[in-house]
Amino acid sequence: MLVDQRQTTRKILRAKAVVVMDGAKPAPARTIDVGPTGMSVTMGHMVPSGQMGQISFEMFVEGKPVVISCRSKVTYCIFSGDDVKVGLQFINPDAAAVAAIGKFMR
């Protein structure tokens, strides 16, 4: 059984994203939800837990599009229908990303 290890709440976010794991080519993804410390996405292939990389996505904050790009660590990767669901933990997000996600969460 999968146990939810989140320390913070998440909010649904449906958007296109790009994931670039260290040493790999950019891969398209779709966001599922986001929170102050991480997010989950769906992708077309498995990614090993513990793998480091970069996630970039766009979200609307106060009616304006904001592009977020964060260094991230894969916390889990499970099959979900025809895709895989990948959990990402943000690693040292910059102040602008933290502020934008905080506003989005309100």
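## Starting at Thr 9

Thr 9 sits in the segment that comes before strand E1 (11-12). Strands (E, at least two residues) and helices (H or I, at least four) are DSSP runs, numbered from the N terminus. Keep in mind that this is a predicted model: local features need pLDDT of at least 70, side-chain atom pairs count only at pLDDT 80 or more, and totals for chains, interfaces and linings use all residues. Residues are numbered from 1 along each chain as its sequence is written, and side-chain values use heavy atoms, with hydrogens and water left out.

Is Thr 9 buried or exposed? Its relative accessibility is 60%, so Thr 9 counts as exposed. The labels work like this: buried is under 20% relative accessible area, exposed is over 50%, and partly exposed is in between (1.4 Å probe, protein chains only). Leaving aside residues up to four places away in sequence, Thr 9 touches Val 34, Gly 35, Pro 36 and Met 105; a contact means heavy atoms within 4.5 Å. Gly 53 is 44 residues from Thr 9 in sequence, and their C-alpha atoms are 23 Å apart in space.

Gly 53 belongs to the covered face of strand E5 (residues 52-61), along with Ile 55, Phe 57, Met 59 and Val 61. The uncovered face of E5 has Met 52, Gln 54, Ser 56, Glu 58 and Phe 60.

Which way do E5 and its partners run? E5 pairs with strand E2 (residues 16-21) in the antiparallel sense over five bridges, and Val 18 has Ser 56 of E5 as its bridge partner. Two strands pair if DSSP finds at least two bridges between them.

## A charge over a ring

Lys 11 has its charged end over the ring of Phe 104, 4.8 Å from the ring's centre. That label needs NZ of Lys or CZ of Arg within 6 Å of the ring centre and within 35 degrees of the ring normal.
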